[in-house]
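Trainee: Hey, can we go through this one together? I'd like to see how the pieces sit against each other.

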Amino acid sequence: MSRFVDTMLASAARSTGPGARGMVTGEPASAVRRTWGEVHEEARVAAAALVDGGLGPGDAVAVLAAEPATIAPAVQAVWLAGGSITMLHQPTARTDLALWAEDTLTVLGMIGARLVLLGSPFEPLADVLTQHGIAFRRLTELAGAGTLDTPVEVGEDATALLQLTSGSTASPKAVRITHGNLFANMTSMRDAARLDPAADVMVSWLPLFHDMGMVGFLTVPMTLGIELVKVTPVDFLGRPTLWADLLTRYRGTVTAAPNFAYAMAARRLATTEDKFDLSALRLALNGAEPIDPDAARMFTEVCAGFGLDPGAMLCAYGMAEATLAVSFTPLGRPLVVDEVDAEQLEAHHRAVPPSSPDAPARGFPLLGPPLPGLELRVVDDSDVPLPARGVGRLQLRGEAVTPGYLTVDGPLATQDADGWLDTGDEGYVTETGEVVVCGRRKDVIIMGGRNIYPTDIERAAATVDGVRAGNVAAVRLEAGARRETFAVAVESRHAGDDAAVKVIRREVAARVMDAVGLRPLDVIVLPPGSLPKTPSGKLRRAAAGTLVAKARAS
């Protein structure tokens with residue numbers, strides 16, 4: 001049996017009886033708590049039903065559900081039956097169901113899905129699945145066939161999770177995460193974060209179709225036997241202060257979110273009259289998207305009034321290709337920003353201190369050293385390793401790194417002959433071995449021999465009154481042979497008001513010019529909800545570029 005499944009079984013065996021660790025779901029309406037031992041018993045019943053229904057070792061199972069209470073035993077059941085899990089991206093109220101069905105059919109064919117497990121609130125989509133000949137079972141019907149006494153034997157190289165990437169749904173890709181990958185990353189995160197099953201309480205609203213939610217805040221606590229309080233993204237977005245409320249009432253010690261959520265929570269908490277107590281929170285992991293130092297500091301400063309230790313903010317670098325986490329900052333250390341000379345960075349690919357106090361500078365959060373078991377190096381375009389503070393492509397190697405992708409064109413290996421995976425990110429490593437990420441390599445804007453990172457442009461534009469924070473995109477534009485320029489798209493509730501739009505465009509251009517020394521070719525002001533994002537809320541830059549091109553042509 002794989003080490004991952006063995007560990008899960010051992011935790012379930014310990015999590016029985018009074019005081020046993022478990023999972024709270026149903027907040028804020030009607031909380032229900034089950035021990036991990038009880039979740040495991042449900043999983044054994046569901047696993048028996050799956051095996052009796054013909055599920056075999058290595059079969060791929062997709063899950064379309066939103067309620068953590070039903071998802072937890074279902075995914076464990078699939079692992080006990082020897083299968084792999086894919087959490088499907090979920091349609092929203094604004095989703096075109098015909099397009100969603102088309103995209104989902106593509107994904108199911110790509111992963112070779114044997115079955116879809118369907119749960120609330122998506123049961124009405126059963127007809128859509130039936131119309132397209134997709135086999136499915138309702139999660140509420142996985143019972144009545146006894147229990148699976150012995151898990152199906154699987155090895156370390158067996159696929160445990162096929163994690164859909166956050167790219168364009170027109171060309172989906174799934175990261176193949178093995179049992180060995182999961183165990184390696186899970187144990188390295190446990191050690192680096194000093195997770196204590198006897199004392200820690202994890203609180204999360206993260207979506208389970210995203211790797212941070214699925215791996216970090218379901219698989220890890222379920223496998224290690226850590227207390228978990230789990231709600232849905234809809235719960236959080238409908239009431240952002242619910243997050244602080246749950247951390248207060250359950251004495252949460254560990255949580256995580258992308259940067260935008262910390263900014264949103266800080267804005268709400270800054271004006272609330274509610275009394276929260278965040279003094280128990282020792283780890284607030286910030287990852288999954290570029291970390292804005294100003295937003296992170298705003299969260300820690302606002303929450304200091306609720307007892308939060310500033311050192312609780314743990315900045316991280318991660319990706320599904322490494323199962324989840326690549327690096328963590330040292331525990332208890334407040335956010336540290338590495339200030340580097342902008343000219344040396346952009347023109348010479350060196351991250352060195354500013355040459356003088358007046359020299360233009362860029363700041364990047366330090367993201368800590370690679371986790372145990374992972375190696376990280378920086379290489380130039382010829383794959384030659386660079387020294388400390390040389391800016392280039394980040395590559396990874398280690399037991400947690402995926403062996404490959406599944407694509408619509410078949411399997412695709414991710415590692416070179418020496419085991420290195422190219423992350424697609426550009427960055428550097430400090431003299432002390434800490435990782436710094438400058439941006440996605442494909443998104444870098446090259447002008448006059450300078451490398452301009454979109455996040456610098458976007459943060460400057462977001463400071464303009466009327467621009468929605470977190471809803472800005474800087475995109476490359478072709479301006480003739482071998483030349484590039486860029487445009488900025490911003491969302492604003494003032495879109496359509498010609499006078500207000502004129503002011504916003506002027507102010508955005510000025511702020512960007514001050515920040516990076518270059519003026520955008522165009523500033524596009526769009527209504528709220530216009531910028532394309534992935535299901536987990538990340539900006540889709542390629543699609544944003546297409547949107548900008550259409551807007552400029554109209």
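This is a predicted model: local features need pLDDT of at least 70, side-chain atom pairs count only at pLDDT 80 or more; totals for chains, interfaces and linings use all residues.

Trainee: Okay, how do H10 and H11 cross?
Mentor: The axes of H10 (residues 259-271) and H11 (residues 293-304) come within 8 Å and cross at roughly 35°. Helices here are DSSP runs of H or I with at least four residues, numbered from the N terminus. Axes are lines fitted to C-alpha atoms, for helices over the stretch in contact, and angles run from 0 to 180 degrees between N-to-C directions.

Trainee: Left-handed or right-handed?
Mentor: The H10 and H11 crossing is left-handed, meaning the near helix is turned anticlockwise from the far one by less than a right angle.

Trainee: Which residues make the contact?
Mentor: On H10, they include Asn-259, Tyr-262, Ala-266 and Leu-269; on H11, Ala-295, Met-298, Phe-299 and Val-302 are among them. Contact means heavy atoms within 4.5 Å. The residues of this contact divide into 12 nonpolar, 1 polar and 1 charged.

Trainee: Is Asn-259 buried or exposed?
Mentor: Asn-259 is buried, with a relative accessible area of 5%. Buried means under 20% relative accessible area, exposed over 50% and partly exposed in between, using a 1.4 Å probe and protein chains only. Leaving aside neighbours within four places in sequence, Asn-259 is in contact with residues including Asn-286, Glu-289, Pro-290 and Asp-292.

Trainee: Switching topic: how many residues of H3 are buried?
Mentor: 11 of the 13 residues of H3 are buried, so H3 is largely enclosed by the rest of the structure. Among the buried ones are Ile-71, Val-75, Gln-76 and Trp-79.

Trainee: And what length does H3 reach?
Mentor: H3 (residues 68-80) reaches 18 Å from its first C-alpha to its last, close to the 18 Å expected at 1.5 Å a residue. The expected span is 1.5 Å times one less than the number of residues. Just after H3, Gly-82 takes a positive phi of about 90°.

Trainee: What about H4, which residues are buried there?
Mentor: The buried residues in H4 include Trp-100, Asp-103, Val-107 and Met-110. H4 (residues 97-111) has 15 residues and reaches 21 Å from first C-alpha to last, close to the 21 Å expected.

Trainee: Now the cysteines. How many disulfides does the structure hold?
Mentor: The structure holds 0 disulfides, a disulfide being a pair of cysteine sulfur atoms within 2.5 Å. Cys-315 is in no disulfide, and its nearest cysteine sulfur, that of Cys-303, is 14 Å away.

Notes:
Residues are numbered from 1 along each chain as its sequence is written. Side-chain values use heavy atoms; hydrogens and water are left out. Helices (H or I, at least four residues) and strands (E, at least two) are DSSP runs, numbered from the N terminus. Ala, Val, Leu, Ile, Met, Phe, Trp, Tyr, Cys and Pro count as nonpolar, Asp, Glu, Lys and Arg as charged, and the others, Gly among them, as polar.
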